[in-house]
Amino acid sequence: MLRQSVRAFSTSAVSKMARMSLIGTIGTDLEKKTTSSGKEFIRYSVAVNSKSKDDETSWYNVACFYPAQINFMTTYLGKGAKIFLEADASNTSYEKQDGSRARSLMLFQTSVEAIKFPKRSEEDGEAPTQQQQ
């Protein structure tokens with residue numbers, strides 16, 4: 001009897017998006033924006049250092065649309081915070097001003113955990129002792 005091949009690791013439909021997990025440092029200020037439909041989100045960049053002999057740094061653009069994560073990040077995290085990030089990755093192509101084609105990878109954050117909080121002045125208050133997702 002022949003069995004049909006199934007994806008043993010997932011029961012969900014095949015998606016065009018890829019899932020990424022990164023450990024890196026927030027390298028830009030969190031930029032709060034609003035979509036044309038009125039939904040708030042934040043954008044920021046994450047720097048990930050490789051452990052190779054070249055010590056190369058890769059930069060990733062990230063967007064977060066989850067209100068609880070936005071609140072946590074804008075309250076306690078910022079440039080310089082080390083995070084563990086899970087995100088869906090989407091690769092898009094676009095036309096540059098000079099007419100040439102380019103590709104861009106955008107990460108859509110699904111969860112975040114703080115590994116190391118940025119240094120804060122005493123007026124800023126204490127960072128939480130427990131990490132949030």
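Reply: What follows goes through confidence, the helix, the core and the strands of this predicted model.

Me: What is the mean pLDDT of the protein chain?

Reply: The mean pLDDT, the predictor's confidence in each residue from 0 to 100, is 82 for the protein chain, and 76% of its residues reach 70 or more. This is a predicted model, so local features need pLDDT of at least 70 and side-chain atom pairs count only at pLDDT 80 or more, while totals for chains, interfaces and linings use all residues. Residues are numbered from 1 along each chain as its sequence is written, and side-chain values use heavy atoms, with hydrogens and water left out.

Me: OK, helix α1 next. Which of its residues are buried?

Reply: In α1, residues 67-76, the buried ones are Gln-69, Ile-70, Phe-72 and Met-73, where buried means under 20% relative accessible area, exposed over 50% and partly exposed in between, with a 1.4 Å probe and protein chains only. Helices here are DSSP runs of H or I with at least four residues, and strands are runs of E with at least two, numbered from the N terminus.

Me: Why are they on the same side of α1?

Reply: Because they cover an arc of only 165° around the axis, taken from the directions from the helix axis to the C-beta atoms. The face turned away from that buried side carries the exposed residues Pro-67 and Ala-68.

Me: What covers the buried residues of α1?

Reply: The cover includes β1 (18-26), β2, β3 (40-49), β4 (57-64) and β6 (101-116).

Me: How many residues has the largest nonpolar core?

Reply: It has 22 residues, and among those with the most contacts inside it are Met-73, Leu-77 and Ile-83; a nonpolar core is a set of buried Ala, Val, Leu, Ile, Met, Phe, Trp, Tyr and Cys residues joined through side-chain atoms within 4.5 Å. At least two residues of this core come from each of β1, β3, β4, α1, β5 and β6.

Me: Switching to strands: how many bridges join β1 to β5?

Reply: Eight bridges join these antiparallel strands, pairing being called if DSSP finds at least two bridges between two strands, and Leu-22 has Leu-85 as its bridge partner in β5.

Technical notes. Contact = heavy atoms within 4.5 Å.
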